[in-house]
Amino acid sequence: MFRVDGTKLDKLQVVWSHGLLPVSVAVRDNLVYVLNAGGEGSVQGFRLHKDRLSPIEGANRSLGLHNGNPPAFMTAPAQVEIDPEGEFVLVSTKAANVMFSYEIGRDGELSRHPVISDAGNTPFGFTFDTEDTLLVTESGSNELSRFELEKNGELDQIGPSVPNGQQAPCWIQRVGDFFFVANAGSSTISSYKVDRDGKLVLVKAVAADTGGGSIDMTTSDGFLYVQNAAAGNVQGYEVGKDGSLKLVTEVTGLPKFENGIGMEGIAAS
């Protein structure tokens with residue numbers, strides 16, 4: 001855990017993730033949940049108080065995935081997230097083709113058994129577009145799907161999955177009314193939106209050609225920032241009113257992703 005101080009990071013604390021190979025973190029208010037991808041896979045909850053993290057009793061849950069450590073990339077769970085109303089912790093599993101939903105208790109503990117829902121072909125990254133609907137990338141079929149999160153934690157698909165004709169869509173980032181998907185296999189960014197009828201539509205299959213293995217994205221002040229792991233750079237795009245992307249800045253010279261090792265993950269304050 002770090003404190004952001006201008007352009008510097010001050011390390012505050014290092015804690016055990018209560019699992020193997022932590023890969024994703026979700027934060028809402030004073031609750032923090034970490035996804036461990038190695039071995040069985042697990043979720044561990046922490047409480048944040050006065051710049052310190054402490055594990056929550058009853059908030060460690062195994063995913064039962066039977067992976068090695070480290071796991072093969074496509075069999076590892078991808079992302080953990082808390083729904084906007086703070087009622088569920090959700091996990092995407094990639095190769096298992098399902099998502100787990102754990103109900104959050106009063107003190108941050110997690111339900112002993114998750115609700116498990118089919119979530120398409122290799123569910124990877126996801127984000128919410130309303131309090132109870134979310135968009136999920138399907139990396140195996142190169143599509144994006146929309147689901148409703150029911151009161152009991154089940155996911156029900158809304159309409160058909162929407163393909164983009166690209167390769168290996170991984171992470172998804174919302175900027176305004178548009179949703180951008182990073183296609184790692186084709187080094188492109190696709191744009192989507194949800195229309196007035198609640199229908200998910202593809203705006204542009206290639207909103208940007210990044211040329212370097214687009215792996216992750218973040219947003220700040222309405223701009224989209226793309227981490228290109230293979231090229232070792234970060235690109236900043238201005239988002240137009242129609243969802244178009246205009247390259248406005250680029251930082252080069254960062255570590256390149258080679259032999260399965262390199263930078264993965266980007267965030268902005």
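I looked up Val4 and found it in strand β1, residues 2–5; strands here are DSSP runs (E, at least two residues), numbered from the N terminus. The model is predicted, and I kept in mind that local features need pLDDT of at least 70, side-chain atom pairs count only at pLDDT 80 or more, and totals for chains, interfaces and linings use all residues. Residues are numbered from 1 along each chain as its sequence is written, and side-chain values use heavy atoms, with hydrogens and water left out.

I then checked the accessibility of Val4. Val4 counts as exposed because its relative accessibility is 52% (buried is under 20%, exposed over 50%, partly exposed in between, with a 1.4 Å probe and protein chains only).

Next I looked at the core. The largest nonpolar core has 18 residues, and Tyr33, Val43, Leu63, Val89 and Leu110 touch the most other members. Such a core is a set of buried Ala, Val, Leu, Ile, Met, Phe, Trp, Tyr and Cys residues joined through side-chain atoms within 4.5 Å. I noted that β4 (31–36), β6 (52–62), β7 (79–82), β8 (88–92) and β9 (98–103) each supply at least two residues of this core. Apart from it I found another core, of 13 residues, including Ala182, Ile189, Leu224 and Val239.

I listed contacts (heavy atoms within 4.5 Å) for Val89. Leaving out residues up to four places away in sequence, Val89 touches Tyr33, Val43, Val80, Glu81, Ile82, Phe100, Ser101, Tyr102, Ile104 and Leu110.

Last, I turned to Ala96, in the loop between β8 and β9. Ala96 has a relative accessible area of 37%, so it is partly exposed. Its C-alpha atom is separated by 41 Å from that of Gly6, 90 residues apart along the chain.

Terms used: Helices (H or I, at least four residues) and strands (E, at least two) are DSSP runs, numbered from the N terminus.
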